[in-house]
Amino acid sequence: REPEQAKWLGKVADAGWMLCHAPPEIREDPEVVHRAVSNDGCALEFASPALKADAKMALAALSQDMYACTLVDASLWSDREFVVSVLELAGGVLPSFAPSGIAGFDNEGPCGMLQLMSGNLMQLVSDELRRDKEVAAVAVRKDWRAIRFVAPELRSNYEIMHLAVQGSGLALEHAPLELKRNRGLVLTAVRSNGEALQHAAEELRCDHEVILAAANETWRALPHCWKTLYADITFAKVALWESGLVHACACSLFILTLGILIFLLLSP
């Protein structure tokens, strides 16, 4: 091992960002760069262009810090195997820092003070892979918000949309009208999030079973079917009971009454 290489391996071992001070030949050294990104993913910014385009190096950086996603070479977002690996790696909501270059976030660099969901990574993926059913399935299974960025033809695919609404019924908003009329899909959506009822086709917002499923998940679904409730008072009572709103109001009233009684008893 060359003395210069050994020196830089020591420097970046605990402070990957030190790579920014390294000479060009060190930034091209795979061993040094790998050690740097293994403890600071964003150190990839200082690697040579060739190493930024290396899938294994990029994955090492992303494994340490997902916010290095905008630092990898753009060509990697057309690599199917790389994209699937990144989506599998990401999953869920990440801490409150977000990279620049992704719509909806600020442009203050790799550590802007906002939140990143793994679904937003689909914005970086090539158009060709956004049309790939397997890539879309992995993305929406990890984060339902990815449905916003898959190709329109895949948002019309029942299997892909079903995966999305299982994550959150609110994904139904991005479905075409044909799927918003699909009773099975809508039932899955409202059981996941009752407020998804607002995105269902009008005829299903009048469907008693769909309304009860939504109300059972949350009382907040009720305003989205008020016409049906107004037209059928008997059913409205059932829906209100299913939503737990009656029980919640009764408990609140009991606690309020109890509080007033205690106040009156303790007051001079």
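Buried denotes under 20% relative accessible area and exposed over 50%, with partly exposed in between. The legends below describe a predicted model.

**View 1. The two cysteines Cys 42 and Cys 206.** Cys 206 has a relative accessible area of 41% and is therefore partly exposed. Cys 42, in contrast, is classed as buried because its relative accessibility is 12%. A disulfide is a covalent bond between the sulfur atoms of two cysteines. In this structure the count of disulfides is zero.

View 2. Helix H10 spans residues 158-167 and includes Val 165. The relative accessibility of Val 165 is 0%, so this residue counts as buried. Beyond its neighbours within four places in sequence, Val 165 makes contact with Ala 171 and Leu 172, and likewise with Leu 185, Thr 188, Ala 189 and Ser 192. A distance of 9.0 Å separates the C-alpha atom of Val 165 from that of Ala 196, a residue 31 positions away along the chain.

**View 3. The aromatic pair of Trp 77 and Phe 82.** One aromatic pair is present in the structure. Trp 77 and Phe 82 form this pair in an edge-to-face arrangement, with 5.5 Å from centre to centre and 70° between the planes. Trp 77 is buried because its relative accessibility is 6%. Phe 82 has a relative accessible area of 2% and therefore also counts as buried.

**View 4. Lys 11 and the ring of Trp 8.** The ring of Trp 8 has the charged end of Lys 11 sitting over it. The distance from this charged end to the ring centre is 4.3 Å.

Technical notes
Residues numbered from 1 in each chain as written. Predicted model: local features only at pLDDT ≥ 70, side-chain atom pairs only at ≥ 80, totals over all residues. Heavy atoms only, no water. Helix = DSSP H or I, 4+ residues; strand = E, 2+ residues; numbered from the N terminus. Buried < 20%, exposed > 50% of the residue type's maximum accessible area, 1.4 Å probe, protein only. Contact = heavy atoms within 4.5 Å. Disulfide = S-S within 2.5 Å. Phe/Tyr/Trp six-rings, centres within 6.5 Å; stacked < 30°, edge-to-face > 60°. Lys NZ or Arg CZ within 6 Å of the ring centre and 35° of its normal.
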